Structure formats: structure tokens, C-alpha cells
Amino acid sequence: MPAQVIDGKTIAQETRKKIAEDVQHFFALYGRAPGLAVVLAGDDPASRVYVNNKIKACEETGIASNAYMLPAAVSQAELISLIKELNLNAAVDGILVQLPLPKGLCAETVLSHISPFKDVDGFTAVNAGRLMLGSPALTACTPSGCIELIKSAGVSIAGKHAVVVGRSNIVGKPAALLLLSHNATVTVCHSKTQNLAEITRQADILIAAVGIKHFITGDMIKDGAVVIDVGINRFEGKLYGDAEFDSCFKKASFITPVPGGVGPMTIAMLLRNTLSAAQALAKERLNYAF
Ligand code: NAD
């Protein structure tokens, strides 16, 4: 039987509507909107589009956002100094540094200066470590979006064999840890994995985060698998996923499309993290006040 398509766009819209209501509630309680600072260094066109989409999403949800557009020639020290200012700015609850950074800047070093309380991308060692420990954390947006999409399909994760293809710090690894925290049995595959198809064919839930157009084909999945396609591959002006949609669609029980699957959920999770960070910081300040 062909798969049901998980409509990430609609699910993201519903999630954003709920966040907008919670943002209004936050405003009523604290007399201000949650604030997100988005830092973009350089003029990478794809990054600019991502940043604009994030700013627009904030506006639509009632989150106050500020974009800091820096030249590609910005020094690492200048960038870190801006992050330190934003860490101290009480109107800023979330700080996002758009990746990739221009050549010569070390993302790991730059990101390490973001306060863990404002780390709405969940990329700092503190939040990644808390996720590993199973403690409350600001969790990377794309993997969180994957989990929400699986849940939205009514699929129970506990006890399932989940296979994650890709082990990056921003998608593959946190996705594996989140699946584990939902009691899946998790296998992580990567560029050095042998007999990949043998492993992916065992997956009840398959997350593809490779960055290669149509890398996962129908013959690599088992009947009834849930396929979450994280890939965004640009080819001749169009976007393609890591899964070959048509052949996977015929065998999967659920599948996310590209575009319109994981992408919109990533932004929704960024908004949710910004609100969560704002709520946590506001409570912390109240505790200090009394
Ligand atoms: P990455 O390049 O950092 O990591 C790719 C991973 O794929 C690596 O861990 C590597 O080991 C693995 N890999 C490469 N070749 C492989 C092979 N032949 N067999 C098995 N594994 C292999 O990429 P990333 O940042 O994790 O992103 C992955 C994809 O997801 C990209 O297409 C990216 O654009 C997309 N992405 C989408 C969103 C979204 O919001 N939808 C967010 C982040 C990334």
C-alpha cells in the first residue's frame, strides 16, 4: 500500500499557532515579547533565505526578532564580542548564529560563547551534553522536528528499531539521542558504514540526514517503514530530499516530502525553543527579584 504523506507544512502551522497563543500569554505575564537575535556573517544566498524565513516566522508568532548582518570579513573576535553582548541583553532570550560561517571563522569556537540558556539551536556543549544525559535541554531544532512529525502520524516510537543515516552534530547525533530518549532501539549509520542497505532495511523508522539527493531508494527500506527525510539538496533550481520519494512512497507507511516536510518543522521548533528559553529566563529573573 502506498504511504501516507506527513504534511510538515500543516503540522508546522498548527504548532506555530499554539506557540503564538503561548507567546501572547508570556506577553501578558511579563509585559514583553520573547526575543530572538539572529546573527548572519557573510552573504551566502541560501543562509540569507533561511534567516529571512526565521525572522518572518518570528513576526507571525509575536516573537521580537533582530537580525545582525555582518560582513564576510568580520573577525572571530568581533563576532564573539557581539555574542557576549547578546548574552547580557535582557531583551534577548535566544541567540542563533546562522551556519555555515565564512571561511576563517571556527563555528565550534564561536558557538561555544553562546549562553546555554539562550542557545535556541541546541548546539552548545552544555545542551548537547544535557540531551545525552537525558536532562531537560534546548534541543537541536531539526531533530526535534523529526520527532514531532513521527508523533503527528500517531506512530509510537518506543520499542521500534530506528535507523539514522548521518552522524552530524546538528542532525544525526541529536536525532539518535532523541529517538533513544523515546525508547527506540537506535542504529546510527554514516559514511564508513558497511552494508548500509542491509541495516536500513531493518528500520521501522528511518531518518535520512546524508545530504545526497535520492540516496535512499525504495529497495533500501522495509515494507511499512516510517521515512523521515531531512535532506535538502539543491539541483537545477529545485529541492530534493535524501530519499527517492516515488520508490520509497510505494513501500513506506508514512513519508515526509521535500520540500514541505522537516524544513517547516525546523522553524517551528526554533520558535518553540525561543519561547521555552524566554520562559526559563523570566522565571530565573523573578527568583532573583524575590
Ligand atoms: P553533514 O554533511 O554534516 O552530515 C552528513 C552525514 O551523512 C555525515 O555524518 C556522513 O557520515 C553521512 N554520510 C555521508 N555519505 C554517506 C554515505 N555514503 N553513507 C552513509 N552515510 C553517509 O550534513 P547535515 O548537516 O547533517 O545535513 C544533512 C542533510 O540535511 C543536508 O542535506 C542538509 O541540507 C539537510 N538539513 C536539513 C535541515 C532541515 O531543516 N530540513 C536542517 C539541517 C540539515
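Just after helix H7, asparagine 183 takes a positive phi of about 70°. With a relative accessible area of 55%, asparagine 183 is exposed; here buried means under 20% relative accessible area, exposed over 50%, and partly exposed in between, with a 1.4 Å probe and protein chains only. Helices (H or I, at least four residues) and strands (E, at least two) are DSSP runs, numbered from the N terminus.

A word on the model: it is predicted, local features need pLDDT of at least 70, side-chain atom pairs count only at pLDDT 80 or more, and totals for chains, interfaces and linings use all residues. Residues are numbered from 1 along each chain as its sequence is written, and side-chain values use heavy atoms, with hydrogens and water left out.

Let us step back into H7 itself, residues 172–181, whose buried residues are Gly172, Pro174, Ala175, Ala176, Leu178 and Leu179. These pack against helices H5 (125–133) and H6 (141–152), and against strands S5 (161–165), S6 (185–189) and S7 (205–208), where contact means heavy atoms within 4.5 Å.

Glutamate 236 also has a positive phi, near 45°, in a residue other than glycine. Its place is the loop between strand S9 (233–235) and strand S10 (238–240), and at 72% relative accessibility glutamate 236 counts as exposed.

Two cis peptide bonds are worth a look too. One runs from leucine 99 to proline 100, with omega near 0°, and proline 100 sits in the loop between strand S4 (94–97) and helix H4 (107–111). Another joins valine 258 and proline 259, with omega about 0°; proline 259 is found in the loop between strand S11 (254–255) and H10.

Threonine 200 counts as buried because its relative accessibility is 1%. Its side chain reaches the backbone oxygen of alanine 197 at 3.1 Å. Not counting residues up to four places away in sequence, threonine 200 touches Val163, Val165, Leu206, Ile216, Met220 and Ile221.

Now to the ligand. It is surrounded by 21 residues, the closest being Arg167, Ser168, His190, Ile232 and Thr266; a residue is near a molecule if one of its heavy atoms lies within 4 Å of it. Helix H10 (residues 262–289) gives the most to this shell, with 3 residues.

| Residue | Protein atom | Ligand atom | Distance |
|---|---|---|---|
| Serine 168 | side-chain N or O | oxygen | 2.5 Å |
| Isoleucine 232 | backbone N or O | oxygen | 3.0 Å |
| Valine 230 | backbone N or O | nitrogen | 3.4 Å |

The protein covers 71% of the 860 Å² of accessible area that the ligand has on its own; such areas come from the Shrake-Rupley method with a 1.4 Å probe, and for residues only the protein chains shown count as cover.

Finally, the whole fold. The secondary structure comes to 10 helices and 11 strands, and the C-alpha atoms fill a box of roughly 55 × 40 × 35 Å along the principal axes. Buried residues make up 46% of the 290 residues. Of the contacts with a separation of 6 or more, 70% are between residues 24 or more positions apart.

Key:
A polar contact is a pair of N or O atoms within 3.5 Å; within protein, one must be able to donate a hydrogen and the other to accept it, and residues adjacent in sequence count only if both atoms are side-chain atoms.
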